[in-house]
Amino acid sequence: MNKILQSLKLTFLHGGYAKLDMSWDYDNVISPFSRLYYITKGSGKMFHSYEEFDLKSGHLYLIPSFTYSRYRCNDHLEMYYIHFLEEVGDRLSIYDIKDFRYEIEASDQDLGYFKTLLTLHPKRYLIEDDPKIYDNRKFVSDTEKLNDLLSAKSFIQTQSLLQLLLSPFIQNSKSSKLNIKNDFHEVLNYIKEHLHEPLTVAQIAKHSNLSSDHFSRVFQQKFGIRPSKYIQTIRIERSETLLLTTNNTLAEIAEKTGMGTVSYLSRMFKAKNGITPGAFRKRRPGS
């Protein structure tokens, strides 16, 4: 297992300090990156991975990538935040091979780690706090170019600091069987891994050892969205990333996202974003 972890790559995206109010109230957030929060003042609530968290001062919180989540500020909330991409091995996520807890009490060193990362990556803060604005725009390609400009020293420091912040959340290796009550987030990982295939609700239900009807009911109860709608949302999000970060043709993107045909990809993409995939791609730098 540790041999696999040697290939862990963490990519810094955004970081900053946020002062939030009751307008920080978002539902149906499914991001292609992970979040780390260090709460300094105020209170709020967060829901993901079949858990509700009361955001408290002096605590750290982890939100995994591709996980349905909700956020709400009760009145006033201040926090350091970091967004990052993670991958390990070939097309795997660290969330596929390790169990995580998502709330821990901050150590004396954690605040220093956050501040150092923000010093290494100045002006990488979010201008907007609405996930619909920053989740699926040109931030991926922009960030990759900025990271390429880092010195070797800053690059290695960034990797080390992200690992130091992420590692306390890690628990034990994944069990081989899905526990629908305790490890339902594995279903989301399964969807992500098989997204390029003609994935169906029946297939996912079979993987979970449940009937299709029961699986659909439980999924919607846990995440507030139908599994078919969730799959469609993730496919479109992945197509957005590919449009912004690769030169893949629309046919290749349709295949890689499990959309099948260019016409179906274009129809679903325009229904969500209001523009065609081609128009969306023109937004990336250098287009």
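Buried means under 20% relative accessible area, exposed over 50%, and partly exposed in between (1.4 Å probe, protein chains only). The model is predicted: local features need pLDDT of at least 70, side-chain atom pairs count only at pLDDT 80 or more, and totals for chains, interfaces and linings use all residues. Residues are numbered from 1 along each chain as its sequence is written, and side-chain values use heavy atoms, with hydrogens and water left out.

**Exercise 1.** Describe the protein as a whole in terms of burial and secondary structure.

*Solution.* Begin with burial: of the 287 residues, 49% are buried. Next, assign secondary structure, where helices (H or I, at least four residues) and strands (E, at least two) are DSSP runs numbered from the N terminus. The assignment gives 13 helices and nine strands. Finally, consider contacts (heavy atoms within 4.5 Å). Of those between residues at least 6 apart in sequence, 76% join residues at least 24 apart.

**Exercise 2.** Locate Lys123 and determine whether Lys123 is buried or exposed.

*Solution.* Lys123 lies in the loop between helix 3 and helix 4. Its phi is near 60°, a positive value in a residue other than glycine. With a relative accessible area of 73%, Lys123 is exposed.

**Exercise 3.** Carry out the analysis for Asn209.

*Solution.* The position of Asn209 is the loop between helix 8 (201–207) and helix 9 (212–223). Phi is near 60° for Asn209, again a positive value in a non-glycine residue. Asn209 counts as exposed because its relative accessibility is 66%.
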